[in-house]
Amino acid sequence: MSATPITLVPRDASVDHTIQAIVTGDQTAETCNTDLALGPWNFDTRPGYGPGSSMGDVIPVGAPRQGELPQEYRDTTEEDLARRIRAAKETLGERVLVLGHFYQREEVVQHADYVGDSFQLAGAAKASPEAEAIVFCGVHFMAETADLLSRPDQAVILPNLAAGCSMADMANIDQVEECWEQLADVLGDLDTPDEDGRVPVIPVTYMNSSAAIKGFVGRHGGIVCTSSNAHTVLEWAFARGQRVLFFPDQHLGRNTAKAMGVALEQMPLWNPRRPLGGSTPETLRSSRVILWHGFCSVHRRFTVDQIEQARREHPGVRVIVHPECPMDVVDAADESGSTDYIRRAIAGATAPTTFAVGTEINLVQRLAAEYPQHTIFCLDPVVCPCSTMYRIHPGYLAWVLESLAAGEVVNRITVPDEVADPARVALERMLAAKPPSSPALRAAPEARA
Ligand code: 13P
Ligand code: SF4
């Protein structure tokens with residue numbers, strides 16, 4: 001198979017600038033879709049996840065759509081939007097908290113009070129009771145989690161309602177309820193423990209899931225995990241259950257359980273479109289981890305070929321990938337870990353090092369700009385950001401902040417009580433099983449001004 005040359009990312013942290021340069025021909029790299037050079041408002045009314053890594057995924061019927069962004073936020077410059085965002089934040093002061101996920105575009109991250117992974121940002125939301133509003137620059141499940149963990153009167157705002165997550169959407173509550181019923185048919189009463197006190201199945205959901213799924217897990221004795229604490233959480237679950245039902249990300253589940261010594265034959269895949277998920281009753285009875293058929297389209301782009309090419313072209317390269325990558329990619333890498341693990345590994349390298357990173361390009365390009373003493377590049381040579389993270393543009397951030405300053409809360413995300421109460425139970429179990437590894441990063445004072 002012929003390999004594509006790996007492109008070293010430029011020192012400018014902005015992926016938007018890179019894509020613009022690709023489209024104008026000023027840079028020779030490739031992008032998966034030149035529409036990424038357009039404002040996301042061009043896609044708000046169209047079905048689908050929009051351009052980027054998950055554009056081929058099937059969007060569920062009824063997925064939230066964003067209403068029209070007022071013209072004044074679409075027809076202006078990057079500099080004007082940055083100025084307006086700073087001015088609105090100054091007017092609002094402590095009344096607003098802006099959170100930015102590591103995968104957000106640079107033009108948004110520069111305005112965040114805290115930057116981090118989904119778990120760290122949820123912690124930041126919980127630890128900021130003084131803010132009347134929390135503007136979450138990330139995706140829908142993150143805003144829901146912030147709503148679950150913040151004070152009831154704090155408004156959590158998602159700047160663009162179309163910023164969902166195709167992986168989270170791969171496990172819907174009806175399919176999960178149906179799966180639970182089918183498992184009860186095969187495994188017997190799911191609430192009855194064996195002689196060791198372990199029930200037949202403990203459901204475990206990745207943070208990247210809807211509040212409805214977290215609520216389901218909370219109601220059935222289960223727990224939430226993140227990519228940084230999945231091992232600890234699986235130990236917690238195995239102490240209480242004979243097996244685990246893990247959703248939505250098959251790769252995080254498989255990579256974590258395999259590292260704990262669970263045999264691949266004991267990890268059947270549950271395809272919600274097939275009876276018994278496509279397994280036999282015998283396979284389900286002898287299973288240790290039942291993996292939901294979900295994946296992240298960003299991390300599925302990484303391959304063993306890319307790693308081999310990086311090793312050929314950069315002898316001594318340190319390959320670090322996210323555990324949402326397929327198992328063969330994680331096995332071929334030197335290390336795997338959450339977004340915060342990747343950031344800390346690079347920050348902690350004392351000698352100049354070459355890093356090939358298997359995670360979303362916005363984080364990789366920012367790290368490359370932040371640590372010029374190292375050579376840092378994305379394993380995937382094609383510039384293909386997460387299509388839903390991309391939906392948050394500074395135009396939407398300016399709109400929600402100026403609306404707030406004018407006394408209007410737009411795009412509020414609220415989890416209904418009947419879902420929120422059990423979902424909080426599942427989150428609290430995770431917090432008790434293991435606290436966050438490190439807090440979200442407080443942004444430099446100039447970003448908070
Ligand atoms: P974390 O933010 O938990 O590192 O997960 C990566 C991811 O895919 C977020 O959507
Ligand atoms: Fe979802 Fe993957 Fe995008 Fe994260 S990177 S929001 S898991 S599609």
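Me: Which domains is the protein divided into?
Reply: There's domain 1 (1-13 + 299-383), domain 2 (32-166 + 386-415) and domain 3 (171-292). Those bounds come from an automatic or database domain assignment. This is a predicted model, where local features need pLDDT of at least 70 and side-chain atom pairs count only at pLDDT 80 or more, while totals for chains, interfaces and linings use all residues. Residues are numbered from 1 along each chain as its sequence is written, and chains are lettered from A and ligands numbered from 1 in the order in which they are written.

Me: What separates the centres of domain 2 and domain 3?
Reply: 32 Å, taken over C-alpha atoms.

Me: And how many residues does the contact take from each?
Reply: Domain 2 gives 9 residues and domain 3 gives 8 residues. Being in contact means that the C-beta atoms of two residues, placed from the backbone, lie within 7 Å.

Me: Which elements give two or more residues on the domain 2 side?
Reply: Helix 5 (118-126) and helix 6 (140-149). Helices (H or I, at least four residues) and strands (E, at least two) are DSSP runs, numbered from the N terminus.

Me: How do the residues on that side divide by class?
Reply: You get 6 nonpolar, 2 polar and 1 charged on the side of domain 2 that touches domain 3. Ala, Val, Leu, Ile, Met, Phe, Trp, Tyr, Cys and Pro count as nonpolar, Asp, Glu, Lys and Arg as charged, and the others, Gly among them, as polar.

Me: New topic: what does strand 4 pair with?
Reply: Strand 2 (residues 96-101) pairs with strand 4 in the parallel sense over 5 bridges, and 3 bridges join strand 4 to strand 5 (residues 155-157), also running parallel. Two strands pair if DSSP finds at least two bridges between them. On the strand 5 side, V135 stands opposite I157.

Me: Is strand 4 mostly covered or mostly open?
Reply: Mostly covered, as 4 of its 5 residues are buried. Buried means 20 or more other C-beta atoms lie within 10 Å of a residue's own, exposed means 12 or fewer, and partly exposed is in between, with C-beta atoms placed from the backbone.

Me: OK, which residues surround ligand 1?
Reply: Among them are D117, S118, F119, M207, N208 and E324. Near here means that the C-beta atom, placed from the backbone, lies within 6 Å. By class, the shell has 3 nonpolar, 6 polar and 2 charged residues.
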